[in-house]
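Here are my notes on the structure, point by point. Please read them with the model open beside you.

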Amino acid sequence: MSVVLRAPQVQIAGRIAAALLGGYAFTWGFIALGVAGLFATGMEFHDAEHLCNILGILAFLAVFLWAFAARSVKRVWLVLAGAGGLMAASASLIQHLLA
Amino acid sequence: MFQNFRLSMAWLHTWFGLVLGFVLMVVFFFGALSVFDREIDRWAIPASRFEAQPMPSFDTVLRPVFETMQPSADRIEQMRDKVNGPLPERFTVPTRWGAYTTHRDPVLGMFVGYEVPNAKEPETYIFASRTIDPRSGASLPDDHLKIGSGFFYPLHYSLTLYWKDLGYWIVGLAALIMLAALVSGVVMHRKLFRELFTFRPNKSRQRSLLDLHNLTGVVALPFHFFFAFTGLVIFAGIYFPITHTQLDPLHELHEQLEAQETGLPHERAGVPAPIASVDAMVAEAQRRWAAKDMAGEVGFLAVQHVGDANGYVSIYRAGTDRIALTGEGIHFKASTGEVLREDPPSTAVGSVNEFLTGLHLQHFRHWLLRWLYLMGGLVGCVCIATGFLFFVEKRKRQHARQNSQGARIVDALAVTTVTGMMLAALGILIANRLLPDSMPLGWPERGAMERYLFWGTWALAMLHAGWRSGPVAQERQNPAWREQCVAVAALAIAAVLLNWATTGDHLWRTLSLGYWPVAGVDLFMLAAAAIALGAARKLKQRGAAAPATRHEPPEPAHA
């Protein structure tokens, strides 16, 4: 472990939380929006589900790694939770219009 | 937080790999054994030691069994807090009958799902299960654990921790970390091609461990990545239950559209109706498969809404000859035998998904690939275990100087998850051969006893590893490694001998009959014994050669 600014344990715990929880929120939004969006544009429901699960897991892996590589943990939270929330909200909106 | 990308990846690899590595060992080892789960079942249940059988006649064999099946006492117990008021003596409204077999199953697994009256949640079902000899329809005792498919396999994906699905989540996290460890490992080392040909067993122990770690990681890199990834895809519905929570209304919408399109009733009609000859439906399904140039056996057969006018029979083909897990399902009206629907060919996305999951779950017949899967899983174990050992070797001297117990604890946990896990697996097989056919009154049933002895053996191995770990804190070897290797060899040989003594199936007999399922399990254990003895000898030589004096100048290496 290299750079130690203040209370490294707190920093590490913050990173881990951002990577796991932020990454989970992001992936949730990604899959939700994907399923709703693809279903709305005519893809079979379970096809949309499978495709988004496959891509979603790869997306989780990517953002998980990025969360550790990124310089600022604040930005990680902002991007992951922000994008995850926005995508999930859009999914609900699409659902509201369809169902 | 980290100076550069490579350092962040190295940190991730070391610490996540260490913590989740212990889980990954379990997942890889029992996943590897699950490749031969049906064969281990036969070893553990001598009454099932005959050839694999096709799906028997529904009308004469299966139906009478289905009609007598009731949920077990512990299933009923688990259901108690999910209903308002008391549970009935007998469950009378079967919503689904099912029977499932593969090209490796001599015995047949059957289940019945019953509607639960007064359930708090809609669509609550209680299940009864039974295993029969399909040649006669005779039932096998319910308390005999199928150690391969009923214990090692669930350990692989759920650690058998079912409370709140906790085990699934831990395994899922471990799989994500496996993927992250593979990517970060590649980032750390760069010279991937060279790792393939680098193993220097005579260099310092730290160096040769790292070589072996890199070699086993790189040589099976696509295998490791594929299995961790597809494992997550298979259980994505548990990890991201989006279509059953946030998007449930959308899912409902789709279900209604689908029920209209397929013509398969979603609900009971409430009007009783008899069941026509299902054997005739099976013959028709097989005729239709043959007409598509896909002649085959039945793998899965189910009756939905049993005894109701809306009842239908679904017949799926066994996927013995293809990777993709497709069933080519054909659905019949239960009361008349009229064809309601033939499943359409898979869409592009469906095919990709079926291929990915099919290649992981491996229902097809390909014995060479099956062995390669086993080897791939064990290579993964070597990769993870050498990761632990490298972690210890790298820090041992420093920790000894600082009077820290870190290396000692990690080493003891490594003993527990390497040799200790093998002891536990052998322990359950030995318990299986030694326990009485049915346990005396007041004892847990036989299958439960086997599982307790598995965990008991493992706990003892852990205690032993911790108790003997003192020397690691002084930069020496933990004698538990060697002692447990000897114990692995002893238990493996004992299991083979007990199989002979209790069933008469010694290797000479099973080999000369060509009965590979049992012979293979015995031979595999003997091979494990030989390797364990070799390792014990090597460790003894090393111990005698006073390892603490072998200090070579440290080479730069990260992990």
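**Notes on the predicted model**

1. In this predicted model, B:Ala302 is partly exposed, because 19 other C-beta atoms lie within 10 Å of its own, and a residue counts as buried at 20 or more. Its place is in strand S4 of chain B, which covers residues 298-304.

2. Which residues does B:Ala302 touch, leaving aside its neighbours within four places in sequence? The contacts are B:Arg96, B:Trp97, B:Gly98 and B:Ser314. A further pair to look at is B:Ala302 and B:Gly113: they stand 189 residues apart along the chain, while 11 Å separates their C-alpha atoms.

3. Contact between them involves four residues of domain 1 and five residues of domain 2. On the domain 1 side of chain B, the touching residues are two nonpolar, one polar and one charged.

4. Helix H13 of chain B runs over residues 348-361. With 14 residues, H13 of chain B spans 20 Å from its first C-alpha to its last, close to the 20 Å expected at 1.5 Å a residue. After H13(B) comes B:Gln362, which has a positive phi, near 50 degrees.

5. How many residues does each chain bring to the contact between chain A and chain B? Chain A brings 34 residues and chain B brings 30 residues. On the chain A side, helix H1 (8-40), helix H2 (45-69) and helix H3 (73-98) each supply at least two residues. H2(A) gives the most, with 15 residues. By type, the residues on the side of chain A that touches chain B are 22 nonpolar, eight polar and four charged.

6. On confidence, the model scores ipTM 0.93 and pTM 0.92. The average pLDDT of chain B is 92, and 97% of the residues score at least 70.

7. One stretch of chain B needs a caution: over residues 547-557, pLDDT stays under 50. For this stretch of chain B the model has nine contacts beyond four places in sequence. Where pLDDT is low, the predicted coordinates should not be read in detail.

Definitions and conventions. Residues are numbered from 1 along each chain as its sequence is written. Chains are lettered from A and ligands numbered from 1 in the order in which they are written. This is a predicted model: local features need pLDDT of at least 70, side-chain atom pairs count only at pLDDT 80 or more; totals for chains, interfaces and linings use all residues. Two residues are in contact if their C-beta atoms, placed from the backbone, lie within 7 Å. Helices (H or I, at least four residues) and strands (E, at least two) are DSSP runs, numbered from the N terminus. Ala, Val, Leu, Ile, Met, Phe, Trp, Tyr, Cys and Pro count as nonpolar, Asp, Glu, Lys and Arg as charged, and the others, Gly among them, as polar. pLDDT is the predictor's confidence in each residue, from 0 to 100. A residue is buried if 20 or more other C-beta atoms lie within 10 Å of its own, exposed if 12 or fewer, and partly exposed in between; C-beta atoms are placed from the backbone. The expected span of a helix is 1.5 Å times one less than its number of residues.
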